[in-house]
Amino acid sequence: MSPNEKIVVVGAGLMGTGIAHGFAISGYSVVLVDSDPRVLDKAVSQIGKLIADGVKLGKINETVAKEALGRLISAPELDSRLSDAALLIETATEKLEVKQTIIRKADELMPVNAIIATNTSALSISELAAVTRRPTHFIGMHFFNPVHKMKLVEIIRGLETSQATVSRLQAWAAALGKTSIVVNEAPGFTTSRMSALMGNEAMYMLAEGVATAEDIDTSMRLAFNFPMGPLELGDMTGWDTRLSVLHYLHQTLGEKFRPCPLILKMVKAGRYGRKVGRGVYEYDADGQKLPGLGLRRIG
Ligand SMILES: NC(=O)c1ccc[n+]([C@@H]2O[C@H](COP(=O)([O-])OP(=O)(O)OC[C@H]3O[C@@H](n4cnc5c(N)ncnc54)[C@H](O)[C@@H]3O)[C@@H](O)[C@H]2O)c1
């Protein structure tokens, strides 16, 4: 993969910010697109902070940092800048229609041999590929939050994805310093299917009053050596995103994925998680967890 390649990232939320940062510090030109200008501004300043932190920690040098920032462009919509892009990663809101609209437009604007990837947590790669004229050049590229810390990229083959496309994705993942696995399309792939089930079950236990949020999380950390508990993880993922994933897995894989009613209530209440300062737990402006027992304390 040539570091001169242009990468377009669509959706500048939690994931788009991290993905754009990863490509920028790895030497690629990055166009970061979001329809919400406030999100876009926040993402660009967050990327600046991640880069500055990287310099402070000695992970990148000042020259790389300066060049990375110089190669990052933000844009409110998909436009002619896509005409020489090598890869577009769609990482907008987890809704089929939102993603299909973006992907259809990207397909019109991008060169025929360019690759379109989606960072969906669960949706069908083949169904998303079907709105393009390039199903062989369409693929899932699933990153994890926070992108700069999590080592895995899950590459998902749709029905018509070519081996050449898989190989190009493996090379991009390696260029970002990630380990990749290649899986065949199935709802939730390997990762989301497992973590959605566990997070949902943890919410049922919280709703039933089996234990406090802290104790449910502590049990998984200390009994099974998980780096964080399922409720902390849900707060980090965002319960709005988690709920969309559960709805899809419930439709496709059946009853065991029925979303816990407490998640529905939390999303209705706007307790999306760390990104808004309130989820199962509460967070300060820097995203640090505030002390307390979590949702039961206020429920
Ligand atoms: N949060 C996680 O831990 C996680 C992990 C892996 C994958 N994902 C997946 O990544 C994707 C994004 O998740 P997120 O957590 O970053 O969500 P988010 O809500 O933080 O960000 C989504 C962004 O998409 C933007 N958007 C919506 N419609 C758009 C459009 N038409 N054009 C441009 N931008 C648009 C929104 O303004 C928002 O900023 C989802 O598909 C999600 O399932 C999330």
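This is a predicted model: local features need pLDDT of at least 70, side-chain atom pairs count only at pLDDT 80 or more; totals for chains, interfaces and linings use all residues.
Trainee: How far apart do the C-alpha centres of domain 1 and domain 2 lie?
Mentor: The protein is divided into domain 1, residues 6-184, and domain 2, residues 191-297. Between the C-alpha centres of these two domains the distance is 26 Å.

Trainee: How many residue pairs are in polar contact across the interface of domain 1 and domain 2?
Mentor: Salt bridges between domain 1 and domain 2 number zero. Polar contacts are counted as N or O atoms within 3.5 Å. With both residues at pLDDT 80 or more, the number of pairs in polar contact across this interface is five.

Trainee: How is the side of domain 1 that touches domain 2 divided among nonpolar, polar and charged residues?
Mentor: This classification concerns the residues of domain 1 that touch domain 2. They divide into four charged, four polar and six nonpolar.

Trainee: Which residue has a backbone N or O atom 2.9 Å from an oxygen atom of the ligand?
Mentor: The ligand is surrounded by 25 residues, with Met15, Asp34, Glu94, Lys99 and Ser121 the closest. A side-chain N or O atom of Thr91 is 3.3 Å from a ligand oxygen atom, while a backbone N or O atom of Ser35 lies 3.4 Å from a ligand nitrogen atom. The backbone atom at 2.9 Å from a ligand oxygen belongs to Met15.

Trainee: What percentage of the ligand's accessible area does the protein cover?
Mentor: On its own, the ligand has 830 Å² of accessible area. Of this area, the protein covers 85%.

Note on methods. Residues are numbered from 1 along each chain as its sequence is written. Side-chain values use heavy atoms; hydrogens and water are left out. Domain bounds come from an automatic or database domain assignment. A salt bridge is a side-chain nitrogen of Lys or Arg within 4 Å of a carboxyl oxygen of Asp or Glu. A polar contact is a pair of N or O atoms within 3.5 Å; within protein, one must be able to donate a hydrogen and the other to accept it, and residues adjacent in sequence count only if both atoms are side-chain atoms. Ala, Val, Leu, Ile, Met, Phe, Trp, Tyr, Cys and Pro count as nonpolar, Asp, Glu, Lys and Arg as charged, and the others, Gly among them, as polar. A residue is near a molecule or strand if one of its heavy atoms lies within 4 Å of it. Accessible areas come from the Shrake-Rupley method with a 1.4 Å probe; for residues, only the protein chains shown count as cover.
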